[in-house]
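Hi everyone, thanks for coming.

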Amino acid sequence: MGKETGFLEYHRQENTIRSPKDRICDFAELYEALDGDERKRQAAICMNCGVPFCQSGMVLAGMMTGCPLHNLIPEWNDEIYKGNIGHAVERLLKTNPFPEFTGRVCPALCEKACMCGQYDQPVTIHDNEKYLIESAFEKGLVTPQIPDKRSGKNVAVIGSGPSGLACANYLNRRGHTVTVYERDDAPGGLLMYGIPNMKLDKSVIERRIRLMEEEGVVFLCNSDVGGDISYDSIKEQYDAIILCCGAKKARGIPAVNPGTTRGVYYAVDFLKATTKSLMDSDTHDRKWNGKGISARDKNVIIVGGGDTGNDCIGTCIRHGAKSVTAIEMMPKPPIERSDDNPWPQWPKVLKTDYGHQEAAWVFGHDIRRFQTTVHKVKTDKKGQICSATLAGVSFESGKPVVDEKHLEEIPCDLLLIAVGFLGCEDYVAEAFGIEKNPRGNIVTGVNSHRIGDSSVFCAGDMHIGQSLVVRAIAEGLSAAREADGFLMGYRVEGTI
């Protein structure tokens, strides 16, 4: 514990977020870092608890709390305070291979379980993590870790999202020859095309990919395994295969089908189109070029109140939408924890994120409408959506009941569906001849990533369902350790 009275002397101060007036004009990252002296003070708040719930990674009341990667948080907070960046980074990378991702997009499960947060404000663990890894890159402390020897084993990782990258990184450092197959035109999966640039600048992903390539990992893009590449051809080439294809089967809504109505899209397709536009522009000054799915001058309705819905709000505002309405079927959460949701459980409280803040600044009011759903839509003669009829939703015995007597029709030129996913896409499971459970996830052995007695393993959202980047990374590491044990005949615990 670097400063015994730190938690009494200092107060939480997060990285500053750019004003809505400035940030809605571009797709640059939202936050600006504090200086090194202030970061030391923030790290000094950490009490080095005897039982640090921040790194517990456990499930309470059906929700994850604490870091799924079991990051050694008190240790590296102490080193930050002492100014030992090298030692701090060493401890951080011992459990987390990609803190530059989690330090930007993780909802900070660790902070929700921080002991300081029980009665006051938690330590800025999330910001401290980003500071550490970016300082490490600036100081040249992150260098290629090339294995001294190769095992002679060839491994295919299918999918380059967070779980796939974690798998590939671990197995490569264990000495296996790793090839990553990605069906899109750039590696990163959800990180690249599912998360907007203002939350995770794509240069951060490209930097990590270059590092992994220097270490020996091969990335093959525009390679759709199960589509234009057969399972048999993959199986013949590799000693083990790890499927990390995500849970990309989007959930629809009863009122309208994106495949048949113009102007209706799944959120992931909308966000991907914007990111591709940014990637096609100048690398040093990425601007939206108006190509792809546009919200400019349109009345937009976004269905879904989660992080993806919020990302759609922020993106539509940057496009120049005429209006944005965000609807959510569930009731409005409380402002503070309820009595049946005590610390250190994940707090089920109202979250006002960057997109909500920007919409309130642009339109002058909170655009969110709770306990609301799309009852039906109206289209013009060309099949283009022009309005949506909204209905209220109540709950009886936990089940939603739509109020069809009180309806409201509002203009809608673009409807985005952000209500989650139903598991992995069917064609992948069919191509590999593997079973899915009722939730759409791949069936593996109990407490295992291995599919039956084959040489095929599964990790990430494809295995556990739609979840967080940090959980996907943890899944990838766990699957990689099991696959490594399968390949080598013995198991090595810990990171490489």
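Let's start with a question: is glutamate 75 buried, partly exposed or exposed? Glutamate 75 is partly exposed, because its relative accessible area is 37%; buried would mean under 20%, exposed over 50%, and partly exposed is in between, with a 1.4 Å probe and protein chains only.

Quick note: this is a predicted model, where local features need pLDDT of at least 70 and side-chain atom pairs count only at pLDDT 80 or more, while totals for chains, interfaces and linings use all residues. Residues are numbered from 1 along each chain as its sequence is written, and side-chain values use heavy atoms, leaving out hydrogens and water.

Okay, the partner of glutamate 75 is arginine 91: they form a salt bridge, with the closest N and O atoms 2.7 Å apart (a salt bridge is a side-chain nitrogen of Lys or Arg within 4 Å of a carboxyl oxygen of Asp or Glu). Arginine 91 sits in helix H5 and glutamate 75 in helix H4, 16 residues apart. Helices here are DSSP runs, H or I, of at least four residues, numbered from the N terminus. Arginine 91 is partly exposed too, at 25%.

Now look at arginine 318 and glutamate 358, another salt bridge, again with 2.7 Å between the closest N and O atoms. Arginine 318 lies in helix H14 and glutamate 358 in helix H15, so this pair ties together parts 40 residues apart in sequence. Both are buried: arginine 318 has 8% relative accessible area, and glutamate 358 has 0%.

And the total? The structure holds 27 salt bridges.

Definitions and conventions:
Helix = DSSP H or I, 4+ residues; strand = E, 2+ residues; numbered from the N terminus.
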